[in-house]
Amino acid sequence: MTNALNHNKANPPRVADAPPRKAGYLRHLFLRCFLMIALVTMAVGIGLAMDSGIIPDGFDGMTNVGAAGLYDTLRWRIALGAVMIISVAGGIFLFLNRRIANPLEKTAEATGHLAEGNLGATLPGHLPYEIGRIGDSINGLSVNFQETLILVWNQTENAIARIQRTTEKISPNGQACSSEDMVADLHAVRQDLETMQMMVRTFDLYDVAITDNDTLAAKKAVKPLN
Amino acid sequence: MGKSILIVDDSSIMRKMIKETLKSAGHDVIGEAKNGDDAVALYKTLKPDLVTMDITMRGMDGFEAARQILGDDREACIIFLSNLDERQYSQEAKQIGAKGYLNKHRSKEILTLIDQV
């Protein structure tokens with residue numbers, strides 16, 4: 001075991017440089033797809049609508065007036081078709097953006113806050129589809145994590161108090177006594193417990209505020225990410 | 001004889017712990033709610049003998065839920081289980097009409113309180 005630890009210290013695992021994760025990547029991807037569809041549709045539409053030399057079959061031999069009328073009709077229909085395609089693509093983009101990209105970004109943001117110890121960053125309850133279920137699970141995780149932290153806090157508070165009382169009994173007013181080792185051990189345990197409490201304090205809790213003496217409901221609680 | 005109990009707590013872990021404690025003493029957990037709104041609705045449906053109620057929850061908190069339940073049923077038996085400071089909140093719990101207020105991390109003491117209620 002020790003050799004394995006030493007080996008790892010001598011040859012630490014190399015961490016590949018991960019590309020920076022940009023916010024809104026999915027939204028930009030959808031936008032690029034929409035713009036590409038729109039541009040291609042416009043280009044094709046314009047090319048066909050203008051007199052580009054493409055003559056549909058069957059129009060050879062018709063009068064110029066008749067051919068011009070047909071071309072106009074065809075141009076308008078092509079233009080209308082292009083507008084419809086662009087509109088549908090735009091609608092799909094807005095739908096994907098609103099129902100997929102935005103909820104996913106909120107979920108990513110909340111998990112980021114959670115990872116940083118901010119348990120108050122909750123997700124709103126109206127996210128759609130499976131993303132909503134992920135959001136509910138993240139909120140549940142945050143609540144359960146807070147319960148665990150408060151349990152640790154309360155139990156360490158109780159333990160510290162007992163240690164203090166025991167220390168006082170063994171060595172009243174800090175006087176030297178025959179149980180110096182025991183007092184030293186108790187002091188060390190107390191420091192360990194206080195270190196655990198320091199870690200608890202680094203978290204921003206969901207709806208509870210821990211003060212020096214009390215555990216109180218936090219009025220500023222629950223700030224859903226909108 | 002065991003009582004039928006509704007557990008109200010936004011933490012699934014705490015609901016599980018309380019449920020295990022109650023079941024070990026022969027009580028029957030007939031429902032679980034994770035917020036005050038669900039608690040009020042489930043109480044009307046299930047009519048449990050007793051409700052264990054957390055205080056801080058998303059949406060409707062435990063105090064408001066208890067007021068609504070007691071407003072509909074004055075005989076409702078509600079015990080608050082919370083990690084909030086007892087000195088600060090037990091008085092309000094009594095004023096609402098709860099039968100008791102316990103620190104939820106000492107939930108075994110609820111068994112004693114249930115027997116007394």
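Modeller: A residue is buried if 20 or more other C-beta atoms lie within 10 Å of its own, exposed if 12 or fewer, and partly exposed in between, with C-beta atoms placed from the backbone. Helices (H or I, at least four residues) and strands (E, at least two) are DSSP runs, numbered from the N terminus. This is a predicted model: local features need pLDDT of at least 70, side-chain atom pairs count only at pLDDT 80 or more, and totals for chains, interfaces and linings use all residues. Residues are numbered from 1 along each chain as its sequence is written, and chains are lettered from A and ligands numbered from 1 in the order in which they are written.

Colleague: Why is strand 1 of chain B called largely enclosed?

Modeller: Four of its five residues are buried, so the rest of the structure largely encloses strand 1 of chain B.

Colleague: What makes strand 1 and strand 2 of chain B a pair?

Modeller: Two strands pair if DSSP finds at least two bridges between them. Strand 1 (residues 4-8) and strand 2 (residues 28-33) of chain B have five, and they run parallel. Val8(B) stands opposite Ala33(B), and Ile7(B) has Glu32(B) as its bridge partner in strand 2.

Colleague: Why is the crossover between them called right-handed?

Modeller: A crossover is right-handed if, with the strands pointing away from the viewer, the path from the first strand over the helix to the second runs clockwise. From strand 1 of chain B the chain passes through helix 1 (residues 12-24) to strand 2, and this β-α-β crossover is right-handed.

Colleague: What joins strand 1 to strand 3 of chain B?

Modeller: Four bridges, with the strands parallel. In strand 3, Ile7(B) has Thr52(B) as its partner.

Colleague: How do you know that strand 4 of chain B is mostly covered?

Modeller: Five of the five residues in strand 4 (residues 78-82) are buried. Ile78(B), Phe80(B) and Ser82(B) point one way, Ile79(B) and Leu81(B) the other.

Colleague: Which strands are joined to strand 4 of chain B?

Modeller: Strand 3 (residues 50-53) is joined to strand 4 by three bridges, and strand 5 (residues 100-103) by four. Val51(B) stands opposite Ile78(B). Leu81(B) has Leu102(B) as its bridge partner.

Colleague: What makes up the side of chain A that touches chain B?

Modeller: Contact means C-beta atoms, placed from the backbone, within 7 Å. By that rule, 14 residues of chain A are in contact with 13 residues of chain B. Helix 4 (129-170) and strand 3 (215-217) of chain A each supply at least two residues of that side. Helix 4 of chain A gives the largest share, seven residues.

Technical notes: Two residues are in contact if their C-beta atoms, placed from the backbone, lie within 7 Å.
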